[in-house]
Amino acid sequence: MTAAVPPPDSGSASAQAAGPAAPASSGAPQPVPARWFDGRSSQGRAVLAAIAPGPRGPELTLHPVGTDGGVPEHFAHDAVDWPEAWNPRRPPPRLAVDLGERGSLEIAGDGIARWHAALQAAGHRAGIAQRMQARWGVLAVVLLASVLLLVLFYRYGTPWLATQLTRAVPLGWETALARETLERMDGDLLKPSRLAPERQQALRARFDALARDVPTAPQRYAGYAPALRLEFRRGLGANAFALPGGTVVVTDGLAETASRRGLDDDAVAGVLAHEIGHVVHRHTTRTVVEQGVLNIGLGLALGDVSSLLSTGGALVTGLAYSRAHEREADCYALALMDRARLPTAPMADLLLAIAQEQREESKEKKNGASDSDTEKKARKDGPAGATGEAADVAAAPPRDAGSSPATRQEPAREESGDSAWMGLLATHPGTEQRAAELRAGHAPHCARP
Amino acid sequence: MDMHAEPRAGRMPSSFSPQHIEPHPLEFTGSGGEYFRVWLVNVLLGIVTLGFYTPWARRRTVQYFYGHTLVAGSPLEFTAQQRRMVFGFIVLLVLTAAYQIAARTGQDTTVALFIIAGAALAPLIWGSAMRFRLGNTRWRGLRLQFTAGWRQVYTASWPVFAIAALWLTLFYGLHALAPEPVAGASGRKLPQVTGAMWGLLALTLVLTVLCAIRLEYNYRSMLVLQSRLGTEPGRWKPVYMDFVKVWLATLGVFLLTVAVMGATVGAAFGGSLALLSGKTRGMGPWLFLLILFGIVFFTFMALLVSAPARAYREARMFQITWNQIGVSHMARFKCRLRARSFVALRIKNLVLTLLTLGFYRPFARVSEYRMKLESVTLHVKGGVDQLAGQLQRQQQNGVGDALADAAGLDLIG
């Protein structure tokens, strides 16, 4: 039985190093004793591993040790898969070096530290991963870079990609989706409108007038010209939303709130302009694409940390995009109303009024018992303007920011943005700020026409 | 000069009797803190490269674990070429992206084609993954080989096709059994479900589970039996009923967990839940977000409640496998993993991972890997070097041994 152990001799090492097969550069560190499993012989052969600088990086030469001798084997830089030193202070008890088809080298004990020292001396350039692994400074730099990159990805990358991908989505798909959505909503959420035909007519006329004023070539999607159409429905409170592909739905509640507050149709027209903005900027399609890009991107980047973090990140970022869409639609409304020479202040009043009514309603529900609920319901379902709600409330803007009724697809209306955290989870920017901007006729975030 | 001594005294293959059996407990020499650093580097580089670092990260991870896994005193080696791993990753990425786009833009035909192609090719993909993994695992310069051909892999996959057939039968069976739908009060057609239909559904479910177990059994046994060391095949002793028993026991553990957690939650939150339901009425505007969080919460709870059962199953499967496999008549594995401690470890890891938003995961991974690995002992007849020598004489082109990776100590993917 042959001993598998290389001769534990310190003598042969120095003898070998001094021998004719010694590495060329005399200043090189001492060769490292190792066992070479070459895939041919049954056991590991005792060798001395010498590392010397080469043209492309360190090169390895194995000098056989012992009585059987043999010629030294040379390995070019690329023939060796130089292993990483995971933890320089605590190397593993054994290190295996992959020599490709020529087997593997096994180094034990303090030989490992000497191996790495020799590698360094021969001018080995460690990869970025290895440098991060061993040096805190490099790690910190990459940490900062990755935070910066995540921010850039959120701020520019995803919106840019969404624009590119949305350009590829045909209008036909949008209209089909819109039809399907409306049919589904008609089943349970929405009922046929009970608005007087004359009023419908009047609003439709305003809508068509606005639609005629839409600039023919929107900057972002060249050639995108959806047929704009207005629909009336009952349900979902005071609301208006845009479906992709050109359909805008207004609920009776919105028109009723406006007339209850003594606001003329300019207020509703403003909301319609906002919704047209959603249509023209293809916000629904963008949301679908953005959510997809975020899910994939953050899944790749943070998926290994935790899926909770990556889906949570995608959700919060998606909501931030939703708020950006609302601002964009507001800007569009401002521009469109300006073209049509219409005031935007009534729209601001309408938004504030709806927000206030919603808040009062929910406060009432919170305070009152369930019977007040039924009462409220009765009032809500009653004929338009039956209740004598004061028209002057709109003059006193509410303290905390409510939310807008003008949602694009979801009737999501969230309550007060008491804390910054709630702001992160809102689909819309604060109503008060929006109202102020609309009243002023311009907003700082809007691009100059 | 201080020359190192080779294998430690206890492991010296010094026997002169070929029938002497040596035990070699497997050993993991890495640590959680060390791997945390490896993992953190991977995550950061993943972010910086927008995820394209993934194949390199995988290789580093496997190399870290392999390099610190000692089998009879020698570490495992992962020798996969980085080029091939990158190529595989890009192919997968392109396919995923194409599928996502198709699914999100509602191209039903494409999605259906993707799913069918994926299902049909799954055994092939599995087979080549195993071939890649085993072929790239090396120990003392020796490689393992997975020799199952495509035909064998597909033959072993018959339960997949049986499951597909079962569900098709169910689909058409339900159609045949269903009475005419009656128009409900709201004008919608409400389908009626009869006893026979429930029966058919239950039967299909039971058969599906039996098929799934069979599939797992087939794959695991093939993995061991078709792995060659020289001319010596892997040895496999577990039978199908062993697997069924584990599944039944797992079901028991799951029901127990549900009962215990249900009772605890009921006792602790019974009152506050009623309170909450009273409040939700005033939360109309919040409902949308509430539903969204509800879905996330439900998925999360499902994962949490099933965690002990899944850990139990994993431990028992590991135990069954590693207690009853070997290499022909030369080597045997013995495993003394205790399911209870593994479940406890998994729960502890889960809690800490959640509390740290996922940053405990590397520690969890190391602790579970260590518990599993160090429960296994390799018993070699006549010493490791004799085994290695015998294997190499039988096949010249570097066919090796590294069964350690094969049936459960998996790291990749």
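**Helices and sheets in a predicted model**

Modeller: This is a predicted model. We may begin with helix α7 (residues 252–260) of chain A, which packs with helix α8 (residues 265–280) of chain A at an angle of about 145°, their axes being 9 Å apart.

Biologist: What is the handedness of the crossing of α7(A) and α8(A), and into which classes do the contact residues divide?

Modeller: Where α7(A) passes α8(A), the crossing is right-handed. The residues that meet are A:Leu254, A:Ala255 and A:Ala258 in α7(A), and A:Ala267, A:Val268 and A:Val271 in α8(A). Sorted by class, the contact residues comprise no polar, no charged and six nonpolar.

Biologist: Why do α6(A) and α8(A) count as oblique to each other?

Modeller: Helix α6 (residues 197–213) of chain A packs with α8(A) at an angle of about 45°, with the axes 10 Å apart. Angles under 35 degrees would count as roughly parallel, and 65 to 115 as roughly perpendicular. The angle therefore makes α6(A) and α8(A) oblique.

Biologist: How many of the residues in the contact of α6(A) with α8(A) are charged?

Modeller: α6(A) passes α8(A) in a right-handed crossing. On the α6(A) side the contact includes A:Leu203, A:Arg206 and A:Phe207, and on the α8(A) side it includes A:Asp265, A:Val268 and A:Leu272. The contact has 10 nonpolar residues and no polar ones, and the charged residues number two.

Biologist: Which strands are at the edges of the four-stranded sheet in chain A?

Modeller: The four strands form an open sheet with mixed pairing, in the order β7-β8-β10-β9. An edge strand pairs on one side only, and here the edge strands are β7 (191–192) and β9 (240–242) of chain A.

Biologist: Which residue in β10(A) is the bridge partner of A:Ala242?

Modeller: β9(A) and strand β10 (residues 247–251) of chain A run antiparallel and are joined by three bridges. Within β10(A), the partner of A:Ala242 is A:Val248.

Biologist: Which strands are at the edges of the five-stranded sheet in chain B?

Modeller: That sheet is open, its pairing is antiparallel and its order is β2-β3-β4-β5-β6. The strands that pair on one side only are β2 (27–28) and β6 (142–143) of chain B.

Biologist: What is the bridge partner of B:Phe28 in β3(B), and at what angle does α2 run to β4(B)?

Modeller: Two bridges join β2(B) to strand β3 (residues 69–71) of chain B, and the two strands run antiparallel. Across this pair, B:Phe28 has B:Thr69 as its partner. Helix α2 (residues 54–67) of chain B lies across β3 and β4 (74–78) of chain B, and its angle to β4(B) is about 165°.

Biologist: Why is α1(B) described as oblique to α11(B)?

Modeller: Helix α1 (residues 32–48) and helix α11 (residues 361–374) of chain B pack with their axes 8 Å apart, at an angle of about 130°. That angle makes α1(B), relative to α11(B), oblique.

Biologist: How many residues in the contact of α1(B) with α11(B) are nonpolar?

Modeller: The crossing of the two helices is right-handed. Among the residues that meet are B:Tyr35, B:Phe36 and B:Trp39 in α1(B), and B:Pro362, B:Phe363 and B:Arg365 in α11(B). One contact residue is charged, two are polar, and the nonpolar residues number six.

Biologist: Which residue in the turn between β12(B) and β13(B) has a positive phi?

Modeller: Strand β12 (residues 325–327) and strand β13 (residues 331–335) of chain B run antiparallel and are joined by two bridges. One bridge pairs B:Gly326 with B:Arg332. The strands form a hairpin with three residues between them, and the residue with a positive phi, of about 45°, is B:Ser328.

Biologist: Which residue in β14(B) stands opposite B:Lys334?

Modeller: β13(B) also pairs with strand β14 (residues 376–381) of chain B, in the antiparallel sense and over five bridges. In that pairing, the residue opposite B:Lys334 is B:Thr377.

Definitions and conventions: Residues numbered from 1 in each chain as written. Chains lettered and ligands numbered in written order. Predicted model: local features only at pLDDT ≥ 70, side-chain atom pairs only at ≥ 80, totals over all residues. Axes fitted to C-alpha atoms, helices over the stretch in contact; angles between N-to-C directions. Parallel < 35°, antiparallel > 145°, perpendicular 65-115°, else oblique. Left-handed = near helix turned anticlockwise from the far one by under 90°. Contact = placed C-beta atoms within 7 Å. Nonpolar A, V, L, I, M, F, W, Y, C, P; charged D, E, K, R; others polar. Pairing = 2+ DSSP bridges.
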